[in-house]
Each structure stands twice: as structure tokens, then as C-alpha cells.
Amino acid sequence: MKNSLQTEKRIMERGEREKDIYNEKTKGKVKNYAPVDQVWTHWEGKISLKSGLMSSYTCWIYVGGRKIDHMVFACFPSFKDPGSIHIHSSINTLYLLLSEAQQVFESIPCPNEWSWNSLITGFAKHGNLQDAFTLYQTMQQKYHSHADAMAIVSLLNACGKVKDFEIGSVIHSDVCENGMVKNNIFVGSTLVDMYAKCGLLVKAKEVLCMLPIRNIVAWTALIGGYVEHGYDHEALTCFEKAKLEGLSPSTITFICILKACGSIGDIVKGQEIHAELERRGMLMGKELTAANTIINMYSKSGFLTSARY
């Protein structure tokens, strides 16, 4: 009992030191986002049911009364100096809001995978694809480590936005080699979306067909690619195939098909989709995009009365 209390005391003391360091570093960086007097942190401790000791802290970060992020810190040591590693990794995630992640990252003596993935994801999400890809390659080639699924998805999304299929193809090759494309449905779906946005529809279809599990997100990515590049009949064919696989179309899927119907003047199919959306209640509340697409579809097809209704 005495040893347990001593252990808990040491953990609590180290936790308090880490919290003080984290609070100061948080305020020091977030001051570029808001005045320091508007920044504060709220800490919550989690007790391990097994040991009865404090097992982790969660830090909720507020700016001007708005919760902007939270970080989780492990209390029990698993590395030589786990506190600094966990703190740096978590702060790195927060700093992505402030475009200062790289400076913090470079100050870490031995960045762990969490730090690498946080920085890669941050750069990719903020449109800095080249820097994100450079980090991605450095992580693999110099440190012999692989980016996680979130970083891969962020990179592929960035490739799709700027239509950079060359970088996307390199990442595709890597995730095929390490098995991620088959083991992670999000990576597979994002690959389809990336190729579709780049206009490589044959490649997008090829990736889709090779996925062990195809969800509606992957199908919708291909359908959207077909519609965007004027292959409306192919989009309708994919839509029917997705339904044959037992998948339920999302609002985005229906919107893509409505656009295809408007482009080729398929009013019958358009009316069918309209009725389905009403039956599912997808035209209620804030679903204005679907309603606007229906109006546009009827207008393009010359059914102005239906559009007005």
C-alpha cells in the first residue's frame, strides 16, 4: 500500500510539472491566434480501474470560450523520457492551427510516428502538398517508418485537389506494397477519389474493382468523377452496380446522379431519384443542395413546372 501511494505521488508530481510546461507552451503559441488572457486549459484525470492510480490526463484547450482541441497524456512511463515525447507530439497537433508545426517538430530530438504523421497531415490539409510529401518520403527512407492511414488519406486528398496524380501514384504504390490499400477501406476509397478527380477514370475504376470491400464512398467517388468529366451514362451504370451490391446511396451519390440526369435529359430517372429522396426524408431541413440539384435537373430538362414545385 505504501509503495502504491509513493508511486502515485511521483506520477502526480510529474504530471503536474508536465501540465505546467504544456500550459505555458500552449499559451505561448496560441497567443498568435488570440490574446493570452483568452486562452486557458482544463485538465481531467482518468483513474485506472485496475490499479486505482491516475493513468492519463486529458487537456481541453479553450480560446475565447471556444473549445479548439484536446490532448491525452499517458502517465505511466514506457520510454526513457515519455513525458516530453507525449507532450511534444500533442503540442505538434495543436500547432497545426497556427502553421508553426514544423518549428516545434524540428525541436524534438527523436520524433515519434505520432509527430511525423501529425505534421504530414497538417501540411497536406492546409494545401502544402510538396512539403507534406517531402516529409512523407523522409519518414520512409531515412527513418524506415510508414505513415498512418490518416496521413495517407490527407496526402491523397491533397493530390486530388491539385490534380497531382504523379505524387498520388507514388503513394498508391507504397500502400499497395505495405498492404494498407487492402486493409483500410478509407485509404482505398480515397485512392479512387484521387484518380477520379485527376481525370484518370480508367485507373479509378481499376482501383475500385481491386478493393476487397467496396463501400458507397468509393462508388460515389467514381460516379462523381464520371459526372465531372462528362461521362454521365457511365455514372448511371455505376449507380446501378452499387445498388446491386446492396449499398445504400448517400445524399452525395444522389446529387451526382441528378446532375447526370440533367446533363443527358433523363427525366424518368431524375423523377425516380427525386421520389427516392422524398421517401427517405433527404429533402427536409438543411438538405438544400439536393433540392437545388433537383430544381436544376428539371430546368435543364425543360420541366419548369416541376422545378417550380
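1. **H7 and H9.** Let's start with a helix pair in this predicted model. H7 and helix H9, which spans residues 185-197, pack with their axes 11 Å apart and at an angle of about 155°. Angles over 145 degrees count as roughly antiparallel, and H7 and H9 are therefore roughly antiparallel to each other. The crossing in which H7 passes H9 is left-handed. On the H7 side, the contact is made by Phe165, Gly168, Ser169, His172 and Val175, and on the H9 side by Val187, Leu191, Met194 and Tyr195. Sorted by class, the residues of this contact of H7 with H9 are six nonpolar, three polar and no charged.

2. **Leu156, a residue to look up next.** Please find Leu156 in helix H6. Is Leu156 buried or exposed? Its relative accessibility is 1%, so Leu156 counts as buried; the cut-off for that word is under 20%. Setting aside neighbours within four places in sequence, Leu156 is in contact with Gly168, Ile171, Val187, Thr190, Leu191 and Met194. You have met some of these names already: Gly168 of H7 belongs to the contact between H7 and H9, and so do Val187, Leu191 and Met194 of H9.

3. What does Ala149 touch, if residues up to four places away in sequence are not counted? The partners are Met180, Asn184 and Val187. Val187 is also on the contact list of Leu156. Along the chain, Ala149 and Phe186 are 37 residues apart, yet a distance of 7.7 Å separates their C-alpha atoms. With a relative accessible area of 21%, Ala149 is partly exposed.

4. **Two loops on either side of H6.** Have a look at the backbone in these loops. As background, most residues other than glycine have a negative phi. His144 has a phi near 50°, a positive value in a residue that is not glycine. Where does His144 lie? You will find His144 in the loop between helix H5 (129-141) and helix H6 (149-162). His144 counts as exposed because its relative accessibility is 68%, and the cut-off for exposed is over 50%. Lys163 also has a positive phi, near 55°, and is likewise a residue other than glycine. The loop that holds Lys163 runs between H6 and helix H7 (165-177). Lys163 has a relative accessible area of 44% and is partly exposed.

5. **H10 and H11.** Now move further along the chain. Helix H10 covers residues 201-210 and helix H11 covers residues 216-228; the two pack at an angle of about 165°, and their axes are 10 Å apart. H10 and H11 are therefore roughly antiparallel to each other, and H10 passes H11 in a left-handed crossing. Which residues meet here? H10 brings Leu201, Ala204, Lys205 and Leu208, and H11 brings Ala218, Trp219, Leu222, Gly225 and Tyr226. By class, the contact of H10 with H11 has seven nonpolar residues, one polar and one charged.

6. **H11 and H13.** The crossing of H11 and H13 is left-handed. From H11, the residues Ile216, Thr220, Ile223, Gly224 and Val227 meet Ile252, Thr253, Cys256, Ile257, Lys259 and Ala260 of H13. This contact of H11 with H13 divides into seven nonpolar, three polar and one charged residues.

7. **Stepping back to the whole protein.** How many helices and strands does the protein have? There are 16 helices and three strands. The protein has 309 residues, and 47% of them count as buried. Among contacts with a separation of 6 or more, 52% come from residues 24 or more positions apart. The protein exposes about 16800 Å², and 56% of this area is supplied by carbon and sulfur atoms.

How values were computed
Residues numbered from 1 in each chain as written. Predicted model: local features only at pLDDT ≥ 70, side-chain atom pairs only at ≥ 80, totals over all residues. Heavy atoms only, no water. Axes fitted to C-alpha atoms, helices over the stretch in contact; angles between N-to-C directions. Helix = DSSP H or I, 4+ residues; strand = E, 2+ residues; numbered from the N terminus. Parallel < 35°, antiparallel > 145°, perpendicular 65-115°, else oblique. Left-handed = near helix turned anticlockwise from the far one by under 90°. Contact = heavy atoms within 4.5 Å. Nonpolar A, V, L, I, M, F, W, Y, C, P; charged D, E, K, R; others polar. Buried < 20%, exposed > 50% of the residue type's maximum accessible area, 1.4 Å probe, protein only. Areas by Shrake-Rupley, 256 points an atom, 1.4 Å probe, with all protein chains shown as cover.
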